[in-house]
Amino acid sequence: MDNILYLVIPCYNEEEVLPETSSRLLEKLGSLIKLGKISEKSRVIFVNDGSKDRTWEIIEELHQKNRIFGGINLSRNRGHQNALLAGLMTVKDYADMVISMDADLQDDINAIDEMVDKYLSGMDVVYGVRGSRDTDTVFKKFTAESFYKIMNTMGANTVFNHADYRLMSRRALDGLAQYGEVNLFLRGIVPMIGYPADVVYYNRGERFAGKSKYPLGKMLSFAVEGITSLSTKPIRMITALGFFIFIVSIGMLIYSLVQHFMGATIVGWTTLMVSVWAIGGLILLSLGVVGEYIGKIYLETKARPRFIVEQFLNDTDEME
């Protein structure tokens, strides 16, 4: 084993941060190479996810100036999870270990040292976990922590306060490659692989430049994607809810018959209307949840490619 490390960085409209990100990562890899922890063949691979700015041009320039930088250009925008998977699957045969992280420099790059140490000690997966959320607003902290708690409650088991900052060995990546689903939620899939794993705690900083790609609306959509991709618990909850409403309906039937024989035919109008609206709303909600699963089945049966690599810049293998 040469201990070749590849850093995979998904990028979408990141022209503002790439110069600083590349500079810091170059320094970090250089220090690890000098310490003899990783091979000189180690690389930084930026994955361009259909950016509309100069992101890909900057990646090409970085590659020309220093071959430690490489790039993967996807044919079109496929979303963060698919872009990340594209990077991992493209480089897995070149590296002994791969670390994925965001391009915005919020993930503490100094945690890379400890991740590598844990890999060298025998870990196949090392999760980067936020040590605290003291810098977050009360609303951000509440919504973020609720995200992980709800995910786990709904059956989509994840590592608490872990995003996509992680190290994976080649063996773990080969395991990941066996998961062929189109609807991706890597935070839930990676723990399923089951190889030896550990965590590294770090403090997340402020975004160096640009805007966050995950506002509240996208985070909610991401949560729904994760839950419905990894768990059937929502459907089971609908079954339980239907059974509960059935029991309630029997009670309402008995109540209505008693009122009828007592001659109080007007009594219960409000209860009836509330029941009709409540049951109608629950039916529509249930149809929506079931429809979400049917939609996912539809996409899975088509078996469309999760990504298409248009160009791969790497000093050992370049495709034009």
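In the predicted model, Val125 stands opposite Ala197 of strand β7. This pair belongs to the contact between strand β5, residues 125-130, and β7, which run parallel and are joined by 6 bridges. In general, the strands of a sheet pair through backbone hydrogen bonds, in either a parallel or an antiparallel manner.

Strands β5 and β7 form part of an open sheet of 8 strands, in which the order is β7-β5-β6-β4-β1-β2-β3-β8 and the pairing is mixed. At the edges of the sheet lie β7 and β8 (309-313), each of which pairs on one side only. On average, neighbouring strands of the sheet are turned by 20 degrees against each other, direction ignored.

Helices pack on this sheet. Helix α2 touches β1, β2, β3 (69-74) and β8, and its direction makes about 150 degrees with that of β3. Helix α3, residues 80-91, also packs on the sheet and touches β1, β2, β3, β4, β6 and β8. The direction of α3 makes about 155 degrees with that of β1. In total, the secondary structure of the protein comprises 10 helices and 8 strands.

The interior was examined next. Nonpolar side chains tend to be buried together in soluble globular proteins. The largest nonpolar core in the model contains 35 residues, and Leu5, Leu7, Ile9, Phe46 and Ile112 have the most contacts inside it. Two or more residues of this core are given by each of the elements β1 (5-11), α1 (18-34), β2 (43-48), α2 (55-65), β4 (97-100), α4 (111-120), β6 (162-169) and β7 (197-202). Of these elements, α4 gives the most to the core, with 5 residues.

When residues up to four places away in sequence are not counted, Ile112 touches Leu5, Leu7, Lys28, Leu32, Ile99, Met101 and Tyr165.

The protein as a whole may be described by its totals. Of its 320 residues, 44% count as buried. Among the contacts with a separation of 6 or more, 82% are accounted for by residues 24 or more positions apart.

Note on methods: Residues are numbered from 1 along each chain as its sequence is written. This is a predicted model: local features need pLDDT of at least 70, side-chain atom pairs count only at pLDDT 80 or more; totals for chains, interfaces and linings use all residues. Side-chain values use heavy atoms; hydrogens and water are left out. A nonpolar core is a set of buried Ala, Val, Leu, Ile, Met, Phe, Trp, Tyr and Cys residues joined through side-chain atoms within 4.5 Å. Buried means under 20% relative accessible area, exposed over 50%, partly exposed in between (1.4 Å probe, protein chains only). Helices (H or I, at least four residues) and strands (E, at least two) are DSSP runs, numbered from the N terminus. Contact means heavy atoms within 4.5 Å. Two strands pair if DSSP finds at least two bridges between them. Axes are lines fitted to C-alpha atoms, for helices over the stretch in contact, and angles run from 0 to 180 degrees between N-to-C directions.
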